[in-house]
Amino acid sequence: MSSIDLSLVRLQQLVQHLPLYTRPTIHIAGTNGKGSVSAYLSHILASSQPPFKVGRYNSPHLVVVHDCITIDNKPITPGAYNTERSLVEEADKQHETALSSFELLTLTAFQIFEREKVDVAVVEVGMGGRLDATNILPTSVILASALTAVDLDHQAFLGPTVAHIAKEKANIARPGRPFIIGRQKHPEVDSVVQDVVAEQRGILLPSVQVSQREWDLDLDGEKPIFSLDPDKFEEPPHLPISCHLPCFNGTLRTLLPLFGDHQLDNLGIALGVISSLFTHVPEELALLDFPSKITLQSIGDGIRATRWPGRLSFHTIDIATAGHKRAVVLLDGAHNSASSQTLSDYLVHIVSTLSRGPRHPTEKSTRALPPSPRRLRLTYILALSHSPPKTPLETLSPLLPFRSPSADHSIQVTTRLALLRFTPPDGMPWVKSVSPSELRQVASLLAPDTETWVASEAENENSGEQGCADLSAALKWAVDGRHGEDDNLVVLAGSLYLVADFYRLHEIQ
């Protein structure tokens, strides 16, 4: 079934023939939230005074292969990537190690960080942990490891239960190094991780508790009014939060720019890592002197500056139809039942926010209900990866049918569906999309009366032209027939590969 070789033997052979990797590194595993945690960390460290030079490696890439490697939160240039990739590929060929595309990419990222002499690298595990290519990192460079929420995903490779998966992921723990664990919804994860970290002689530390607070006009400024009017779009207000870090006397109070309640937990993990840089840095890495450069102010600045495209991120786009229309699109890479539930919860939050606010930014809120219910047309554009034993039914069940906030009759939500394939990612032949007809069968079970648009069945094996063409057609259908008095939101989800098609189509970086 798989072309993935879960073994580090070939990597261990090849790294002996490459320049030694020496960059201090933060290593992050988990099922959901790894990317968000890495984004918080890289922005916080880059906001220090003076700023640290920060490398970050995420997977998968979004639009082009090199965008998963960043220096100070900017993707490296194609030239820089190609230079190091060529050196790694030549070594691979010379020593006949036959590395996979992901393994070559991982070593390329490490060589770029070494060449650029980054102060700190933030590295996201690709899949699992124990046998992931990123776990080739030597213990000597590890500043801290972290584990985000663990859930069912990639069972064919990591094991059938959450406990099996947690054990694989926790095995990035290293002797004498801090290991920060985030809040878990499955109770068995905590006990499994505790055992693994103890076996590895690591230091298990909790994440930081982050709480929502009231909006403070003096601290946060004027609170924006959320509007789905594509010509006057205003995204939802950023979440005011507060927390206490053990390494500081004061309280951190700032705005959280990434949407969704789950980001409180993700930020808590990132702040747990930051706290460990004050208390548990190994002696050989102490020259970085984190306490002299990281302050509550710089942490707050870094959090507010954090961006993480394609994860509950809003965009307004022009769509070339007969009437030339604009649309507000919410992108999210939700690809399993847990992340779909997170997306569903956030959509409920959006509906609640709309029902309490004015219809347009220029209107003033009033306690009186409008004479007729507000209407929202919610159009899902969905594509899913074929990844047994995970099923489309499991992934789509949290989204369909849409569950409006209980007892809220001030807004009526109409749901529509567009079902299609995504463009196959380069270098990952095992990634296949679920056929639109199969998606339609599942959607018919969950929401039988929903208006649905279905793309062609053809499996796209080319450069991506068909995938973008199908997405373009789906977007045109999504805005077709909309009424000016209605709120309209297009939600594109199910896979980061579909999100990547959107960015390619609209040339958004």
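**The contact between the domains**

Modeller: Happy to. The count between domain 1 and domain 2 is 2 residue pairs in polar contact, both at pLDDT 80 or more. Please keep in mind that this is a predicted model. By class, the side of domain 1 that touches domain 2 is made up of 6 nonpolar, 8 polar and 3 charged residues. Despite those charged residues, the number of salt bridges between domain 1 and domain 2 is 0.

Now for the extent of each domain. Domain 1 covers 8–209 + 259–305, and domain 2 covers 313–506. To the contact, domain 1 gives 17 residues and domain 2 gives 19 residues. The C-alpha centres of the two domains are 31 Å apart. The size of an interface is often given as the accessible area lost when the parts come together. For domain 1 and domain 2 the buried area is about 1500 Å², with 63% of it on carbon and sulfur atoms.

Next, the charged pairs. Side chains of opposite charge can pair when their charged atoms come close. The structure as a whole holds 19 salt bridges, although the count between domain 1 and domain 2 is 0.

One of the salt bridges joins E89 and R85, with 2.9 Å from N to O. Both residues sit in helix 3 (residues 78–95), and because they are 4 residues apart there, about one helical turn separates them.

A second pair is R304 with D301, whose closest N and O atoms are 2.5 Å apart. This pair belongs to helix 11 (residues 296–305), where the two residues are 3 apart, about one turn of the helix. R304 is partly exposed, at 35% relative accessible area, and D301 is partly exposed too, at 31%.

The salt bridge of E451 with R416 has its closest N and O atoms 3.2 Å apart. Here E451 lies in strand 16 (residues 451–454) and R416 in strand 15 (residues 411–419), so the pair ties together parts that are 35 residues apart in sequence. E451 is partly exposed, with a relative accessible area of 44%, while R416 is buried, with 4%.

Beyond these pairs there is also a network: salt bridges link K53, E84, R115 and E116.

I180 is found in strand 7 (residues 178–181), and with 0% relative accessibility I180 counts as buried. Leaving aside residues up to four places away in sequence, I180 touches A144, S145, A146 and L147, and also L205, P206, S207, I269, G272, V273 and S276. For a sense of scale, I180 and E438 are 258 residues apart in sequence, and their C-alpha atoms are 40 Å apart in space.

To come back to your request: domain 1 and domain 2 meet with 2 residue pairs in polar contact and 0 salt bridges between them, and about 1500 Å² is buried there.

Note on methods
Residues numbered from 1 in each chain as written. Predicted model: local features only at pLDDT ≥ 70, side-chain atom pairs only at ≥ 80, totals over all residues. Heavy atoms only, no water. Domains from an automatic or database assignment. Contact = heavy atoms within 4.5 Å. Buried area = accessible area lost by both parts, 1.4 Å probe. Salt bridge = Lys/Arg side-chain N within 4 Å of Asp/Glu carboxyl O. Polar contact = N/O pair within 3.5 Å; in protein donor to acceptor, adjacent residues only side chain to side chain. Nonpolar A, V, L, I, M, F, W, Y, C, P; charged D, E, K, R; others polar. Buried < 20%, exposed > 50% of the residue type's maximum accessible area, 1.4 Å probe, protein only.
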